[in-house]
Amino acid sequence: MRPITRRRWLTGSAALAASTLLPRCATPQGRSDSSLRIVVVGAGIAGLGAARRLVDAGASVVVVEARDRVGGRIWTDRSLGSPLDLGASWIHGTTGNPVAALAADLVTVPVDYESMARYDTDGKPLTDAQDAAVDRGFDAVLEAVERDRDTRDGDAPLASSTGPARDAIARDATSRRLLDAEINTAIEHEYAASVESLSVLHYDDGEDESGGDVIFPGGYDAILPTLAAGLDLRLSHPVTRIEHRPGGCTVVTTEETFACDRVLVTLPLGVLKAGVVQFAPALPDRKANAIARLGFDVLDKLYLRFDRVFWDDALLIGRADAITGRWAEFLNLHALTAAPVLVGFNAAAYARTMQARSDAEVVADAVATLRSVYGPGMPTPTGMLRTRWGADEFARGSYSHLAVGSTPGDRDALAASVGDRLYFAGEATSRSHAATTHGALTSGRAAADAMLR
Ligand SMILES: Cc1cc2nc3c(=O)[nH]c(=O)nc-3n(C[C@H](O)[C@H](O)[C@H](O)COP(=O)(O)OP(=O)(O)OC[C@H]3O[C@@H](n4cnc5c(N)ncnc54)[C@H](O)[C@@H]3O)c2cc1C
């Protein structure tokens with residue numbers, strides 16, 4: 001493998017003028033090809049996974065990344081004294097999972113989602129009968145959705161199916177509130193999207209995962225060094241324009257300009273939707289329509305650190321608020337990592353409401369809901385950390401979903417290359433495992449293989 005040197009890359013304004021002088025991509029078929037010059041846009045797990053594979057095959061690769069760090073939506077913060085994941089936390093399904101393979105030598109902890117304590121809005125624990133009714137009711141809602149989509153002609157919001165089902169199953173205000181909380185946490189948190197936005201026909205498309213879920217007590221970012229080692233990474237290099245012609249490509253960043261044979265785009269769907277990166281020529285209609293139709297909304301986390309643990313042993317602490325979606329679930333991190341930390345989650349509508357609020361307001365809102373359960377004597381947090389993924393200019397949301405009017409084929413359209421110059425990867429391009437780290441990694445590796453063919 002020929003070492004990558006900056007000399008091999010045309011940078012700065014000279015590149016724009018000289019891009020037609022690029023040597024032709026000499027031997028695209030061989031894994032030992034060292035003349036293929038590729039720019040990977042984005043150093044998330046899709047981009048890093050692709051770059052690793054390309055470099056290992058002998059290609060010359062530069063990874064350009066807007067942030068001053070690698071990982072993208074894998075982002076571990078240690079400012080509160082223990083590793084806290086702002087993006088991905090779980091490996092979903094360890095069996096046959098390429099992220100689990102990367103984590104083989106790391107400490108991971110299995111997660112038992114059955115360990116749950118549920119409370120109503122007044123802070124009273126649900127009775128066993130109420131608990132069972134919520135589980136039964138939620139199963140009945142899912143069955144109603146199945147029946148509904150077997151008979152319907154066109155797409156509609158998932159809410160058009162879950163709403164009537166919920167009304168038929170839950171006959172009083174309390175039962176409705178409890179069932180709404182379950183729909184919020186089990187569907188809206190899972191897909192980072194509201195039932196009003198999700199497609200009733202396709203929202204749950206994708207392959208099932210098996211083997212159970214695990215988290216990283218030491219932080220998810222521990223998987224990144226293996227992928228990133230030795231790569232030519234250009235951090236703090238936001239891309240503004242990508243030109244792709246039969247003769248070659250040009251990638252313009254705010255810092256440098258690169259001329260190359262091929263470009264791999266792993267930009268988050270939210271960034272593609274915002275149109276902040278220009279493509280010349282413009283992306284084909286099929287891809288542009290897929291970008292417009294697929295959904296991209298928010299799941300946000302609030303980490304609250306306390307000086308002591310005062311909460312349940314259960315892993316998940318649910319609370320059905322009168323406002324659906326308001327701090328409906330907390331994760332007891334102490335059960336997994338021994339850190340005295342609770343993690344509150346909000347998705348879609350309530351997450352967007354919180355996004356506009358100050359840190360103090362968000363903490364006060366979350367603490368008020370916890371106080372309703374644990375009483376006025378509950379300690380105040382000694383530290384907080386919150387995400388605002390919707391306001392993050394290099395993500396513009398948390399992860400993709402199949403919105404009403406979109407189909408799984410839109411993910412294929414997003415993944416498709418444009419000619420043999422412009423390639424795409426990233427979680428939103430994964431038909432089988434969208435919205436996950438392993439879907440993103442697999443898509444990056446698949447794009448790398450396609451570029452080398
Ligand atoms: C709150 C949250 C919780 C999640 N929980 C889980 C979980 O538990 N398990 C799981 O498997 N998945 C989870 N996910 C999803 C998972 O994090 C993503 O699917 C995955 O990390 C996406 O990887 P990617 O490479 O496709 O995109 P990204 O990681 O977003 O990488 C894209 C890169 O492009 C960069 N970029 C953006 N704009 C530009 C530009 N103009 N120029 C250059 N670079 C640019 C970004 O900075 C980023 O580094 C979660 C995500 C979030 C936000």
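Is Ala-435 buried or exposed? In this predicted model, Ala-435 is buried, because 23 other C-beta atoms lie within 10 Å and the threshold for a buried residue is 20 or more.

## Two alanines with positive phi

Ala-435 lies in the loop between β22 (422–424) and α14. Its phi is near 65 degrees, a positive value in a residue other than glycine.

Ala-338 also has a positive phi, near 75 degrees, and is likewise a residue other than glycine. Ala-338 sits in the loop between α10 (334–337) and β19 (341–347).

## The shell around the ligand

The ligand is surrounded by 40 residues, and the closest are Gly-42, Gly-44, Ala-46, Gly-72 and Gly-426. Elements that give two or more residues to this shell are α2 (45–56), β16 (299–305) and α14 (437–452). The largest share, three residues, comes from α2. By type, the shell divides into 22 nonpolar, 13 polar and five charged residues.

Why does the ligand lie between domain 1 and domain 2? Both domain 1 (6–71 + 220–295 + 397–452) and domain 2 (80–96 + 105–113 + 213–217 + 297–391) give residues to the shell, so the ligand lies between them.

## The parallel sheet of five strands

Five strands form an open sheet with parallel pairing, in the order β9-β2-β1-β13-β22. The edges are β9 (232–234) and β22; each has a single partner strand, so one side of each is left without a neighbour in the sheet. On average, neighbouring strands of this sheet are turned by 20 degrees against each other, direction ignored.

Within this sheet, strand β1 (residues 37–41) pairs with strand β2 (residues 60–64) in the parallel sense, over five bridges. Val-40 stands opposite Val-63 in β2.

## The mixed sheet of four strands

A further open sheet has four strands in the order β12-β11-β10-β14, and its pairing is mixed. At its edges stand β12 (257–260) and β14 (278–280), each with a single partner strand, so one side of each is left without a neighbour in the sheet. Neighbouring strands are turned by 10 degrees against each other on average, direction ignored.

Strand β10 (residues 239–245) and β14 run parallel and are joined by three bridges. Arg-241 has Gln-278 in β14 as its bridge partner. The loop between β14 and α9 (285–293) holds Pro-281. The peptide bond from Ala-280 to Pro-281 is cis, with omega near -5 degrees.

Strand β7 (residues 116–119) runs parallel to β17 and is joined to it by four bridges. Tyr-119 stands opposite Arg-319 in β17. With strand β18 (residues 329–332), β17 pairs in the antiparallel sense over three bridges. There, Leu-316 stands opposite Leu-331 in β18.

## The largest nonpolar core

The largest nonpolar core has 123 residues, of which Ile-38, Val-39, Val-41, Val-61, Val-251, Val-263 and Leu-264 touch the most other members. Helix α2 gives the most to this core, with seven residues. Domain 1 and domain 2 each supply at least three residues to the core.

## A contact across the sequence

How many residues apart in sequence are Asp-449 and Arg-53? The separation is 396 residues, while the distance in space is 7.9 Å, C-alpha to C-alpha. Asp-449 is found in helix α14. Asp-449 is partly exposed, with 14 other C-beta atoms within 10 Å.

Conventions:
Residues are numbered from 1 along each chain as its sequence is written. This is a predicted model: local features need pLDDT of at least 70, side-chain atom pairs count only at pLDDT 80 or more; totals for chains, interfaces and linings use all residues. A residue is near a molecule or strand if its C-beta atom, placed from the backbone, lies within 6 Å of it. Ala, Val, Leu, Ile, Met, Phe, Trp, Tyr, Cys and Pro count as nonpolar, Asp, Glu, Lys and Arg as charged, and the others, Gly among them, as polar. Domain bounds come from an automatic or database domain assignment. Two strands pair if DSSP finds at least two bridges between them. Axes are lines fitted to C-alpha atoms, for helices over the stretch in contact, and angles run from 0 to 180 degrees between N-to-C directions. A nonpolar core is a set of buried Ala, Val, Leu, Ile, Met, Phe, Trp, Tyr and Cys residues joined through C-beta atoms within 7 Å. A residue is buried if 20 or more other C-beta atoms lie within 10 Å of its own, exposed if 12 or fewer, and partly exposed in between; C-beta atoms are placed from the backbone.
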